[in-house]
Amino acid sequence: MSDDDLRRLERAALAAPDDPEARLALAQALRRAGEEERAVFEVWRAARLGHPVARALLAGGPTPLVTPPRVAEVAAGEDGSSLGWPQAAHGRWLLVMSHEETVLLSLDTRSVTWRVPAEFALLQPGLDGACFVVTHEEGALVRRDGATGEPLARAPLPPGRLTFLDLAEDRLVVAIEDALIGLDAGAALGREVWRRSVEPAARPPEPLASSRRQALAADPGVVVVSWGDGRDRLEALDLETGEARWSAVTTDDADELFVDPHGALLLWRSGRARHLDLGTGAARWESKFSGRRPVTEQLPALTRERVVLKHHAADGAGLQGHVIALDRATGRLAWKRPIPDEVEEYVCLVAAGETVYLVGEAETQFRLAALAAADGRPLWPEVTVNGGRPVSTLAAGRGVVVKADERLFLFETPDAV
């Protein structure tokens with residue numbers, strides 16, 4: 001934003017002091033230009049309090065979007081077929097996998113950058129939006145440059161039957177028969193850093209591709225392992241050394257385990273959630289919100305302050321679907337919103353920053369809505385797309401990628417917001 005652009009916006013705001021849009025445009029420009037926060041706030045406050053952006057800011061909540069996102073279909077395969085399932089995103093890159101190949105897409109061009117035959121692939125973030133991709137190809141690990149697909153390093157996997165492969169920071173964590181092994185994921189690809197034997201009574205971690213109920217979940221600095229058939233014992237291992245930082249016994253078998261930088265979440269579909277501190281393994285809270293159907297069949301949306309999930313409960317003579325948000329610090333209900341009847345049977349949730357996206361099926365269409373994670377307010381009117389049933393969602397770039405039947409759609413928020 002040049003000085004001339006700022007002055008132009010400032011003149012427009014002064015010429016129409018009662019026009020909130022002019023002042024909001026100036027405030028957005030100031031914010032992008034890195035002006036002092038207080039000055040930006042004063043411009044926002046000068047806008048009419050009835051404007052949703054100004055009202056939200058004065059209430060201390062996140063700033064809603066002024067306009068809905070852009071919608072674009074992502075390129076299909078060379079023969080017009082589906083590219084597969086979105087797996088991970090970083091910066092302007094999207095990793096997509098099918099049964100036969102790994103594909104990296106550019107979100108800038110919405111086209112295929114490169115593809116290789118691979119049994120499994122993991123996206124490794126780099127600096128300034130760059131990325132690397134670690135693939136499992138014919139029994140070996142290959143680290144590829146994200147922009148070109150060029151192989152940078154290749155290393156054989158340790159011998160034995162591979163049952164799990166995941167990536168955290170610069171560590172690959174693999175389960176091979178009776179051992180859990182930490183490998184270097186950087187320049188010394190495949191070098192063994194540590195090894196933990198699987199206890200005789202415990203079943204090794206399951207392959208990531210076999211179930212959403214991950215037996216192993218990685219977080220910066222620590223990897224959380226679930227030993228046994230269910231969630232009967234969790235152990236946090238140091239990524240650098242493999243040594244145990246803490247162990248937590250969970251006598252009641254949980255249905256889901258999710259780990260992110262803000263804690264470990266155990267979820268029971270009967271309507272319970274327990275949040276563990278990543279540093280100690282201690283339970284920070286437990287919440288019970290029993291429903292009349294399984295609480296969720298999709299992944300919850302996790303933000304810094306909220307755990308957001310789908311929930312059914314009795315409402316009058318029938319059942320009503322809701323999206324509910326639990327406070328990340330206390331486990332208390334922060335807000336809930338009803339799910340419209342026509343889409344309530346299938347709703348996907350995904351979080352990008354402090355925005356929660358809801359993708360709901362409605363016959364041959366799907367709807368995309370965005371809510372403020374803090375209080376559940378809609379941020380812009382719903383977007384309806386003709387595209388079939390949404391079967392997968394993934395936060396990517398400044399928005400979300402939706403796989404609907406055999407098509408991929410990219411929803412991105414405007415740069416100006």
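**Entry 1: Arg110**

I started with Arg110, which is found in the loop between β4 and β5. I was looking at a predicted model, where local features need pLDDT of at least 70, side-chain atom pairs count only at pLDDT 80 or more, and totals for chains, interfaces and linings use all residues. Residues are numbered from 1 along each chain as its sequence is written, and side-chain values use heavy atoms, leaving out hydrogens and water.

Phi of Arg110 is near 55°, a positive value in a residue other than glycine. Is Arg110 buried, partly exposed or exposed? I noted partly exposed, because its relative accessibility is 34% (buried is under 20% relative accessible area, exposed over 50%, partly exposed in between, with a 1.4 Å probe and protein chains only).

**Entry 2: the strands on either side**

Next I followed β4, residues 102-106, which runs antiparallel to β5 and is joined to β5 by 5 bridges. Two strands count as paired if DSSP finds at least two bridges between them. I also looked up one partner: Val103 is bridged to Arg115 in β5.

Then I asked myself in what order the strands of this open sheet stand. I found 4 strands in the order β2-β3-β4-β5, with antiparallel pairing. β2 (85-90) and β5 (111-116) are at the edges with a single partner strand each, so one side of each has no neighbour in the sheet. On average, neighbouring strands here are turned by 25° against each other, direction ignored (axes are lines fitted to C-alpha atoms, and angles run from 0 to 180 degrees between N-to-C directions). A reminder to myself: strands of a sheet pair through backbone hydrogen bonds, either parallel or antiparallel.

**Entry 3: two glutamates**

Glu138 lies in the loop between β7 (131-137) and β8 (140-145). Its phi is near 50°, again positive in a residue other than glycine. Glu138 is exposed, with a relative accessible area of 73%.

Glu235 sits in strand β16, residues 233-238. I noted Glu235 as buried, because its relative accessibility is 7%. Its side chain makes a polar contact of 3.3 Å with that of Arg196 (a pair of N or O atoms within 3.5 Å; within protein, one must be able to donate a hydrogen and the other to accept it, and residues adjacent in sequence count only if both atoms are side-chain atoms).

**Entry 4: confidence**

Last, I checked pLDDT, the predictor's confidence in each residue, from 0 to 100. The chain averages 76, and 68% of the residues score at least 70.
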